[in-house]
Amino acid sequence: MIAALIIVFREVLEAALIIGIVLAATKGLPRAKQWVAIGIIGGIAGAVIVAQFAGVISDALSGYGLEIFNASVLLLAVVMLAWHNVWMSSHGKQMAADMRSVGEDVRSGGRPLYALAIVVGLAVMREGSEIVLFLYGLATSDGGLKDAVSGGMIGMAVGVVVGAALYFGLLRIPTRYLFRVTAWLIALLAAGMAAQAMAFLAAADVINLGPELWDSSFLLNENSVVGKVFHTLVGYVDRPTFMQAIAYAATLLLIITATHLVARQQNPAGRK
Amino acid sequence: MTKKIAILACAAALTLLASGPLRAENAEVIILTIKDHQFQPDRIEVEAGKGFTLLVKNEDDTPEEFESHDLRREKVIKGHSEAKVKIKALEPGEYKFVGEFNEDTAKGVIVVK
């Protein structure tokens, strides 16, 4: 049961942390929680479908279907996160002054809350499909059903607790600063995902990762729980390669530049 | 202006990386079988500087995830199916891999000499 618990926890953790950030980043926005819920439910449905068709996906694209699929899912999430940040930056002033007027925009213009719902859905789908496959395998083996159920439930619960801890921790930040913090978290999250996508593209033989830059696994092993948390939150990799570093830096730079440009347009100099 | 140059440099670097060093022509295919949640063989020796492809055959009823942090690979393989994992030329050393769903029993190592 312990093995099942650990595996499920590891997979749930990443999605739970992402959901924690998204919930904090949309604090006070109308129907934010519903959008996140839709994301989670859609993600679970997606996970079951992906697990069901894992064989088909795997055989597609001359055997690199899963790699390309994973890379695409990650890169799509990167785009959605970037879009959200850019949009939020155009409402930065409003946001601090009056949450309700931002809420008005969200309501009237179909503003990109669904961008973050998609991010949540993709995260749940990616991590969830592995849980589904693993638990299915365990449940169908001799005497494994009990382990699958108990280990799965406890592992999931522990993962959710960690995600909730992040969420409530973030909520302690005064609203004035909260969105600045979540904007950074979202940018770092996107950068980490972009770097992760490079590893999948390399596995699919699309790119070459280039040389390994350093090995800090003796300081913080990426496979440890703390390492995994940092991997999700800031994209920590204990043995990053050249291409991963480029993707990370480029994503971060693009998001920061885009948000600054948009913010400046919305709030012309002098009206600081 | 500097931005343009930076973009050009990035593009050049990308093309260079994407093309990679001379691609190995007939990369060796090594068959790795999963049976009763164990890898056979659980020790693979390959030559340094030569890329190869692992053909991982899962003969169990249950799915398995081939995972190697050392090789930066993770791939789910359903029961009674196979998947290829292409590995580019490696430096000498030991590269561990596991079956993530059965980590206690499914483990092995690639030794590059």
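Select B:Arg72. It counts as buried, because 20 C-beta neighbours lie inside 10 Å. The label buried needs 20 or more other C-beta atoms within 10 Å of the residue's own; 12 or fewer makes a residue exposed, anything in between partly exposed, and C-beta atoms are placed from the backbone. B:Arg72 is found in the loop between strand 5 (64-68) and strand 6 (73-77) of chain B. Check its backbone: phi is near 60°, a positive value in a residue other than glycine.

A word on the model before moving on. This is a predicted model, in which local features need pLDDT of at least 70, side-chain atom pairs count only at pLDDT 80 or more, and totals for chains, interfaces and linings use all residues. Residues are numbered from 1 along each chain as its sequence is written, while chains are lettered from A and ligands numbered from 1 in the order in which they are written.

**Chain B**

Go to B:His37. Here too phi is positive, about 60°, although the residue is not a glycine. B:His37 sits in the loop between strand 1 (28-35) and strand 2 of chain B. Is it buried or partly exposed? With 18 other C-beta atoms within 10 Å, B:His37 is partly exposed.

Step along to B:Gln40 and B:Pro41. The peptide bond joining them is cis, with omega about -5°. B:Pro41 belongs to the loop between strand 2 (38-40) and strand 3 (43-46) of chain B.

Now pick B:Tyr95, in strand 8 (residues 93-99) of chain B. It counts as buried, with 20 C-beta neighbours inside 10 Å. Show B:Val109 as well: the two C-alpha atoms are 5.5 Å apart, although 14 residues separate them along the chain. Which residues does B:Tyr95 contact, leaving aside neighbours within four places in sequence? They are B:Ser68, B:Asp70, B:Leu71, B:Leu90, B:Val109, B:Ile110 and B:Val112. Contact here requires C-beta atoms, placed from the backbone, within 7 Å.

Zoom out to the whole of chain B. Its secondary structure comes to one helix and nine strands. Helices (H or I, at least four residues) and strands (E, at least two) are DSSP runs, numbered from the N terminus. Along the sequence the pattern reads α-β-β-β-β-β-β-β-β-β. Of the 113 residues in chain B, 33% are buried. Among contacts in chain B with a separation of 6 or more, 61% are between residues 24 or more positions apart.

**Where the chains meet**

Display both chains. 22 residues of chain A are in contact with 20 residues of chain B. On the chain A side, helix 1 (2-25), helix 3 (54-63), helix 7 (113-140) and helix 9 (175-203) each supply at least two residues. Helix 7 of chain A gives the largest share, five residues. By class, this side of chain A has ten nonpolar, nine polar and three charged residues. Nonpolar covers Ala, Val, Leu, Ile, Met, Phe, Trp, Tyr, Cys and Pro; charged covers Asp, Glu, Lys and Arg; the others, Gly among them, are polar.

**Chain A**

Select helix 9 and helix 10 (residues 225-234) of chain A. They pack at an angle of about 105°, with their axes 6 Å apart. That makes the two helices roughly perpendicular, a label for angles of 65 to 115 degrees; under 35 is roughly parallel, over 145 roughly antiparallel and the rest oblique. The axes are lines fitted to C-alpha atoms, for helices over the stretch in contact, and angles run from 0 to 180 degrees between N-to-C directions. From helix 9, A:Leu185, A:Leu188, A:Leu189 and A:Gly192 meet A:His231, A:Thr232, A:Leu233 and A:Val234 in helix 10.

Next, helix 4 (residues 65-89) of chain A. Its 25 residues should span 36 Å at 1.5 Å a residue, and its end C-alpha atoms are 36 Å apart, which agrees. The expected span is 1.5 Å times one less than the number of residues.

Pick A:Thr26, in the loop between helix 1 and helix 2 (32-52) of chain A. It is buried, with 22 other C-beta atoms within 10 Å. A:Thr26 touches A:Ala32, A:Leu113 and A:Leu116, not counting residues up to four places away in sequence.

Finish at A:Val119. Beyond residues up to four places away in sequence, it touches A:Ile18, A:Val22, A:Ala77, A:Met80 and A:Leu81.

Notes
Two residues are in contact if their C-beta atoms, placed from the backbone, lie within 7 Å.
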